[in-house]
Structures are given as structure tokens and as C-alpha cells.
Amino acid sequence: MDDQIWYLRTSKLALALAIIRSTPADTSSREYTEHLAKVVSEQESTWRSKVQALEAEVLQLRHKLLLSRMHAGVFKSGDPSSQLQAQEPGSSENTLSLLEDSGCDLSNEQRSEPSEMTQHLVESCTSTPFLPLSIVKRHCATQENPLSSHMQFLQHLLELKNLTESGSLKTDLSHFENDFSTVSDSVFQLLDGLITFYRKPKFPFSSFWAEAVNTLARLISDCNLSNHILKKCSKKLEEFEKTLLQVILRSNHINRFQVQHYVSQSLVTLGSCSLLRKSIISLLLSEVNSFSDVLGTIDQVQAGYVTQYENIFSLFWVLEQLLQKETKEGNTSSVGHDDQEIKKFLQKHDETIFQLSDAFPLFTFYLWRLGILLNSVETVESNSHP
């Protein structure tokens, strides 16, 4: 340790002497040092940009390779033309190859619906069973929206998996699991972009962001992909959930309700995945429980709490949507009463309603509705475990 400190100090001294000796006559040592630091910083920034560009290109190549291998695995036996045409006939007009690239042609306002994507896949595979996949770099993926390449890749992946899990094309893709780190890397970058956007959302929203959240929920709902994604992206997913929550709670501008509705719908979409639903419900109930405690200390909504009081009803709406879905699905493993926030809510439910009903009747009305829905979930769980 002492040797390291000595070498560090010696290196600093040598650097300082070198700078002093090389300083131009008409420049002070300080000015010359600042100039050198600026030059090094600019070079570092340039190299960092080059590294990021190369990393993005490598990831695109990994996209291409994984989709190509999966494509070959799906159609390695039999006649893909007849099998696909039996599932969904496709027109020969406007033929597009779904797998022509790893995904750079999804613009902010344009996306392919699942049925359209499947049709394009049918048409491309009909003409060429083992279509070579080539990466086409387009302006939208590098300038307007760098996330579109990840989106297109992930959507293509999901469509391929849908084909392998149904009909005569049923194929075991488990041997590709070692390559699914490519999927996790794309999901991580997609989450990064979503968090950046939702921290400062701009209205009106592009349909791209809603589709991105939907694609994210579909990926994590996939039993083959979810473990790989959650292993790498669990912290990032938690950050994204909290970001959406804070957008709803902290909005205070006049037209915030449109933004809140859009963000609330994103939370509902994310919660459509049973693996994420419990954490989202627990997160929202934590805010409801905390605000109930705050209201218990005041007689009426004070000026400092007006905005938060209005915003909390968006959380009620999201919670109702998710709990209704939970009751409908009867998914006993998703939301359980062993969760601390659910326990706290139910234990104080009747007391809180009684305490706040006179001063905050609308708030307590929604608390009552949530209590009914949570008890409905408990009833479903009890019936499923006699």
C-alpha cells in the first residue's frame, strides 16, 4: 500500500515537472495545464463516442445472428411455405421481409401490429426458407430514435417465438438460451431510454413509447426469456416503475391530467405481466398508505397537499385495474397478503375509513373499493387452496 502511494506521488511530481518544462514562454503553467486537460477531455469524449458506436454495432450484429439462427431453427425441416400458409395466408403485394434487418425501421409514429408482422414473416419465409439477415442502418435508428433498432429486434423475436409455440412449426428454442444475453442487453438499453423519456415526458406522446412498454411486458411474460431479463434488468425495472410513479405524483402543471392518464396506462400495461404486478401494486399501495397517514393528521386538504391529493386518484385507478385483472386471472402466485404494504393497508382499512370519512369522503370511498378488490383476490387464493 505504501509503495502504491509512493509511486502515485512520484508520478504526479514527474507529470508536473514535464508540464513546467514544456510550457511555452508566453503561457503560464496553469494556463498550459488547463489547455492540456481540455485536449485530453475532448479526446476522451471522442473515443467514448466511438466506443459507444462500436458497442451498438456489435449489439446489432448479435441481433442479426440470433434472429438468423432462430429463423433457421424454425424452418430447418419440412416445407415452411405450406406450413405458414396454413396458419395465415399472406398477399404477395407489398412483400416485406420481417427479418431483413435486426430492426432499424420503426419510426416514432409507425409500428407493425402483430398480425401485420406475422403476415410479413409469412411472405418472406415463403419466398426464401433461409433468408440471410442483413443489417440496414437507417436515419430513424441513429438520429430520431436510437431505441427503434432494439424495439424492432425484440418485436421480431417475439413473433418468431409465437410461431414456434403454435401449429406445425412448434419448435424447441431452449438451445438458444445461451444467446439470450443479447435480449437482456437490448431490454436494458430500452429501459434506459424509457426512464430518460418519462423523467421529462413531452406531450403529445408518440405511440412508440406505449408500444415499447407493451413489448417490455410481453418479453417478461415469456417463460423462456423472463429469467434472463430479470437477472440483468431487475434493478432497472424497479427504477422504471418508480419513475412512472413519480411522474404521476409530482405533476403539478395545469394540463397534467393528460400526462397522468398516459403514464397510468403505461403502469397498467406493465402490470399486465404477472411477474411485475405484485411489485407495482406494492409500490402504489406504499404511497397510498403513506398519504393516508398524512391525511390522518389534518382536518382538511391543506395548500401544500392539494396537488398530491388530486394526483393520488390516478394511483387508485391503476390499482383498481391491476387488482381487477388479478381477480379475473385468479393468479394466486402474483399478489399475496404476505406483502407488507397489503398487510398494512388491510389491517388499518376500516379504522382509516372511519377516521377520514367525514373530512375526505371521496378518498375513503376509493379506499373502500380497494379493500373490496384486495379481499376478492384473497377469496380467489383461498378457493384455489382448499
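These are my notebook entries on a predicted model of one protein chain.

**Entry 1: the chain as a whole**

I began with the secondary structure. The protein chain contains 15 helices and zero strands. I then looked up burial, and 42% of the 386 residues of the protein chain count as buried. Next I turned to the contacts between residues at least 6 apart in sequence. Of these contacts, 82% join residues at least 24 apart.

**Entry 2: helix α1**

I looked up helix α1, which runs over residues 2-22 and has 21 residues. From its first C-alpha to its last, α1 reaches 30 Å, and this is close to the 30 Å expected at 1.5 Å a residue. How many of the 21 residues of α1 are buried? I recorded a count of one, and α1 is thus noted as hardly covered.

**Entry 3: the nonpolar core**

I noted a general point before going further: in soluble globular proteins, nonpolar side chains tend to be buried together. In this model, the largest nonpolar core has 75 residues. Which of them touch the most other members? I recorded V183, Y198, F240 and F363.

I followed Y198 in more detail, leaving aside its neighbours within four places in sequence. Y198 is in contact with W209, V213, F240, T243, L244, V247, Y262, V263 and S266.

**Entry 4: L157**

I located L157 in helix α6, residues 148-164. Is L157 buried or exposed? L157 is buried, because its relative accessible area is 0%, and the cut-off for buried is under 20%. Leaving aside neighbours within four places in sequence, I found L157 in contact with L67, M70, V183, L219 and L225. For one of these partners I also looked up the distance. L157 and L219 are 62 residues apart in sequence, and their C-alpha atoms are 9.2 Å apart in space.

**Entry 5: K236**

I placed K236 in helix α9, residues 226-250. K236 counts as buried because its relative accessibility is 13%, and buried means under 20%. Apart from neighbours within four places in sequence, K236 is in contact with F188, L191, D192 and I195. I also noted Q189, which is 47 residues from K236 along the chain, with 9.7 Å between the two C-alpha atoms.

**Entry 6: P204**

I found P204 in the loop between α7 (181-199) and α8 (207-221). Is P204 buried or exposed? P204 is exposed, because its relative accessible area is 68%, and exposed means over 50%. P204 and Y262 are 58 residues apart along the chain, and their C-alpha atoms are separated by 9.7 Å.

**Entry 7: the largest cavity**

I then turned to empty space inside the model. Rolling a probe the size of a water molecule over the atoms shows where empty space is left. A search of the whole structure finds one cavity of 30 Å³ or more. The largest cavity holds about 70 Å³ of space.

Which residues line the largest cavity? I listed N289, S292, D293, K344, F345, K348, H349, T352 and L367. The elements giving two or more residues to this lining are α11 (274-295), α13 (340-347) and α14 (349-356). The largest share, three residues, comes from α11. I also sorted the lining by class: two residues are nonpolar, four are polar and three are charged.

**Entry 8: T352**

I ended with T352, one of the residues that line the largest cavity. T352 is found in helix α14. T352 is buried, because its relative accessible area is 11%, and the cut-off is under 20%. Not counting residues up to four places away in sequence, T352 touches S292, T364 and L367. I noted that S292 and L367 are also listed in the lining of the largest cavity.

Technical notes:
Residues numbered from 1 in each chain as written. Predicted model: local features only at pLDDT ≥ 70, side-chain atom pairs only at ≥ 80, totals over all residues. Heavy atoms only, no water. Helix = DSSP H or I, 4+ residues; strand = E, 2+ residues; numbered from the N terminus. Expected span 1.5 Å × (residues − 1). Buried < 20%, exposed > 50% of the residue type's maximum accessible area, 1.4 Å probe, protein only. 1 Å grid on protein atoms, 1.4 Å probe; cavity = no way out; pocket = protein on both sides within 12 Å on 5 of 7 lines; lining within 4 Å. Points joined across faces, edges and corners; volume = space filled by probe spheres on them. Nonpolar A, V, L, I, M, F, W, Y, C, P; charged D, E, K, R; others polar. Core = buried A, V, L, I, M, F, W, Y, C linked by side-chain atoms within 4.5 Å. Contact = heavy atoms within 4.5 Å.
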